[in-house]
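Trainee: I have a model open and want to learn how to read it. Where do we begin?

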Amino acid sequence: MSDKFKEHFDSIAEEYDDEREDFSKMEAMVLIYSCGKIKGCKILDIGTGTGIIALEFAKRVGNEDEVIGIDISESMLKIAKKKAKEIGVNNIKFKVGSFTNIPLTNESVDIIVSSAALHHVKPQEKLNAFKEMWRVLKIGGRIVINDAMYENEEWRSIFIDMDLLKRHLEKIGFPKERMDMTLGLTKTSVGLIGTFRDEYVESVGAIKKYAEEAGFKGIKIKVTFKPLPAHWVLKAKKL
Ligand SMILES: C[S@@+](CC[C@H](N)C(=O)[O-])C[C@H]1O[C@@H](n2cnc3c(N)ncnc32)[C@H](O)[C@@H]1O
């Protein structure tokens with residue numbers, strides 16, 4: 001586990017929702033749609049942060065079902081707990097934990113979701129992260145992971161260079177009126193470039209291999225926004 005990310009998210013926890021709430025809510029919809037049936041399921045959200053995604057799941061599963069959000073940053077979790085209390089969502093718990101050390105017993109959850117967090121795990125720890133998800137998942141359970149990935153080295157180069165990114169969008173005839181917004185939005189572009197340059201984003205192939213090696217079956221990885229294939233959703237099952 002990286003102290004660098006814990007310190008970073010501890011330090012930005014108070015402002016996180018101002019910057020990211022709308023974006024993370026959109027990502028929550030992608031995950032909810034990708035999960036299929038969630039009623040009657042115990043759901044774990046890894047790298048839950050301020051709980052934006054976990055809370056959306058908790059509002060949609062049954063009252064008897066449970067959502068657990070884990071994160072390495074206690075400051076992010078503090079905000080998540082406060083929000084759950086304020087909006088009166090009771091079927092949710094937040095705990096300190098990480099991809100490689102999940103504070104749950106074997107075969108105890110039906111679905112594991114995660115958004116924008118796996119790329120904080122070092123390449124040499126990613127296989128362990130998938131093995132740990134496998135351990136806590138019930139037989140028949142599934143993982144749905146949304147994260148930054150790249151298809152090949154050419155795409156990786158585009159995502160770490162704002163000029164290349166702009167040229168690529170021009171080349172594919174990306175609408176001019178959406179260009180500035182797309183480049184400026186993130187946090188889209190600045191966040192995207194920083195994420196690909198400074199964090200542990202890996203290729204779609206590498207991530208698929210970790211999932212396979214950990215034992216997952218039926219692995220499918222789909223891009224979420226085609227003109228800019230930077231974010232992907234991985235779905236897989238423990239059979
Ligand atoms: C960009 S935020 C995403 C938060 C939330 N999933 C969302 O979409 O709003 C990444 C989160 O991952 C957490 N994180 C980083 N490394 C982690 C690890 N190894 N295990 C669990 N969480 C981790 C960070 O503390 C942070 O809260």
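Mentor: Begin with a cut-off. Buried means under 20% relative accessible area, exposed means over 50%, and partly exposed lies in between. Keep in mind that this model is predicted.

Trainee: Where does E107 lie, and what is its phi?

Mentor: E107 is in the loop between β3 (92-96) and β4. Its phi is near 50°, positive in a residue other than glycine. E107 counts as partly exposed because its relative accessibility is 41%.

Trainee: Now a histidine. Where is H120 placed?

Mentor: H120 belongs to the loop between β4 (109-115) and α4 (123-136). Its relative accessibility is 14%, so H120 counts as buried.

Trainee: Which residues does H120 contact, leaving aside its neighbours within four places in sequence?

Mentor: Contact means heavy atoms within 4.5 Å. On that basis H120 is in contact with F5, F9, E199 and Y200. There is a sequence neighbour to note as well. The side chains of H120 and H119 are joined by a polar contact of 3.5 Å.

Trainee: Let me try a helix residue. Where is E132, and why does it count as buried?

Mentor: E132 is in helix α4. It counts as buried because its relative accessibility is 12%. Not counting residues up to four places away in sequence, E132 touches F99, T100, N101 and I102.

Trainee: And T182, in which helix is it found?

Mentor: T182 is in helix α7 (residues 176-185). At 10% relative accessibility, T182 also counts as buried. For a distance along the fold, take T182 and I221. They are 39 residues apart along the chain, and their C-alpha atoms are separated by 23 Å.

Trainee: What are the distances from ligand oxygen atoms to the side chains of Y16, S24 and D71?

Mentor: For Y16, an N or O atom of the side chain is 2.9 Å from a ligand oxygen. For S24, the distance is 2.7 Å. For D71, a polar side-chain atom lies 2.6 Å from an oxygen atom of the ligand. Now look at cover. On its own the ligand has 590 Å² of accessible area, and the protein covers 97% of that.

Trainee: Zoom out. How many helices and strands does the chain have?

Mentor: Nine helices and eight strands. The C-alpha atoms fill a box of roughly 50 × 40 × 35 Å along the principal axes. For 239 residues, a compact globule would have a radius of gyration near 18 Å, and the chain agrees with 17 Å.

Trainee: What share of the 239 residues is buried?

Mentor: Buried residues make up 51%. The chain exposes about 12000 Å², and carbon and sulfur atoms supply 51% of that area. Finally, check sequence separation. Among contacts with a separation of 6 or more, 74% are between residues 24 or more positions apart.

Technical notes: Residues numbered from 1 in each chain as written. Predicted model: local features only at pLDDT ≥ 70, side-chain atom pairs only at ≥ 80, totals over all residues. Heavy atoms only, no water. Polar contact = N/O pair within 3.5 Å; in protein donor to acceptor, adjacent residues only side chain to side chain. Areas by Shrake-Rupley, 256 points an atom, 1.4 Å probe, with all protein chains shown as cover. Helix = DSSP H or I, 4+ residues; strand = E, 2+ residues; numbered from the N terminus. Buried < 20%, exposed > 50% of the residue type's maximum accessible area, 1.4 Å probe, protein only. Rg over C-alpha atoms; globule rule 2.2 N^0.38 Å.
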